[in-house]
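Reader: I have a few terms to clear up. Could you take me through them with this example?

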Amino acid sequence: MLSYAIKRILAIIPILMGVSFLVFSIVYLIPGDPAVKILGQAATDEAVAELRKDLGLDKPFFIQYGIWLANMLKGDLGTSITMRVSVDSVLIPKLINTLILTGGSLAVCLIGGLLIGLLAGLKPYSWFDRISMFFAQFGANVPVFWLAIVLMWIFSIKLGWLPAFGMYDMRTEGSTWSILQHLILPSIAAASVSLAVMARLTRSSLIDAFNSDYVKTFRAYGISEKNIVFKHAFRNILSPILNMTGLQVGSLMGGALFVEVVFSWPGLGSQLYSSITGQDLPMVQAGVLFIAISFVLVNLINDLLVASLNPRLRH
């Protein structure tokens, strides 16, 4: 297990290098001069040349990338062009807020998906199974931003049960209860697709496990259905569920970025949206890099968890 973990950790180094290169390159693949976009078409040539020099855009591409990467490794994410503050002072709190929303969405996905999938798998083709899988199919295809608007309209505007905007009520100074209230609707909206996928995977995996020979043998020996489900069948479907969970974390974070804009959640999605519209290149590069690194680390952790369930890799 230790050797496998070391190999997986070493394997992400070239992946992160490739990700950093793509993140740095993607901004410069956009047509037009970034300096002109920042200053506007009416800017003088002298002002554009001075800004290009300040941003290091007058140097060759690979030298720019080397300087940017070296600064990143030292923890220097640069200075925001529009806000005139260090990028890390803005993005790190935003990243934490996005991780809070992603964590809430993951909780909704796992609790709801596993519960619905288990109940549907225990009684396949029952009325609950048909109804739940219908809504799972609907949830897997509904646009996240549309569902976010519908939830806001029903539960905030019409019923007034839950807040619609922000992360907490300013009057409560960010209390835990206020954050949880504001977290409910964005988490449900961001988790809709992943919850549907998790429910369908759990149901199909459980049905396959019940049709396997070892379960039939256990039943022939008179082992209780409860022990068969939780001690044997569920343990055998845990590996594909963990694999899917790792994949869905990336999807949840991607969904959270859209939901943040709808609910004005102060996370990376909202910040990237304003930074892109404001042509704040250092902020966009660092924000995209944060998201990409988060995806890579989540997949690494997921691979290690799945490997820990493999008896051949435990020692």
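**Terms put to the test**

Author: Gladly. Keep in mind that this is a predicted model. We can start with the lining of the second largest pocket: 16 residues are nonpolar, 3 are polar and none are charged.

Reader: Which helices supply the lining of the second largest pocket?

Author: Helix 5 (87-122), helix 6 (127-141), helix 7 (144-158) and helix 8 (176-210) each supply at least two residues. Helix 8 gives the most, with 7 residues. The space in the pocket is about 360 Å³.

Reader: Why is the meeting of Asp 129 and Arg 203 called a salt bridge?

Author: The cut-off is 4 Å, from a side-chain nitrogen of Lys or Arg to a carboxyl oxygen of Asp or Glu. Here the N to O distance is 2.6 Å. That is within 4 Å, so the pair counts as a salt bridge. The whole structure has 1 salt bridge.

Reader: What does the pair of Asp 129 and Arg 203 tie together?

Author: Asp 129 lies in helix 6 and Arg 203 in helix 8, so the pair ties together parts 74 residues apart in sequence.

Reader: How do you describe two packed helices?

Author: By the angle between their axes and the distance between the axes. For helix 7 and helix 8, the axes come within 9 Å and cross at roughly 145 degrees. The crossing is right-handed.

Reader: Which residues meet where helix 7 contacts helix 8?

Author: Among them are Leu 147, Leu 151 and Phe 155 in helix 7, and Leu 185, Ile 188 and Val 193 in helix 8. The contact has 11 nonpolar residues, 2 polar and no charged.

Conventions:
Residues numbered from 1 in each chain as written. Predicted model: local features only at pLDDT ≥ 70, side-chain atom pairs only at ≥ 80, totals over all residues. Heavy atoms only, no water. 1 Å grid on protein atoms, 1.4 Å probe; cavity = no way out; pocket = protein on both sides within 12 Å on 5 of 7 lines; lining within 4 Å. Points joined across faces, edges and corners; volume = space filled by probe spheres on them. Helix = DSSP H or I, 4+ residues; strand = E, 2+ residues; numbered from the N terminus. Nonpolar A, V, L, I, M, F, W, Y, C, P; charged D, E, K, R; others polar. Axes fitted to C-alpha atoms, helices over the stretch in contact; angles between N-to-C directions. Left-handed = near helix turned anticlockwise from the far one by under 90°. Contact = heavy atoms within 4.5 Å.
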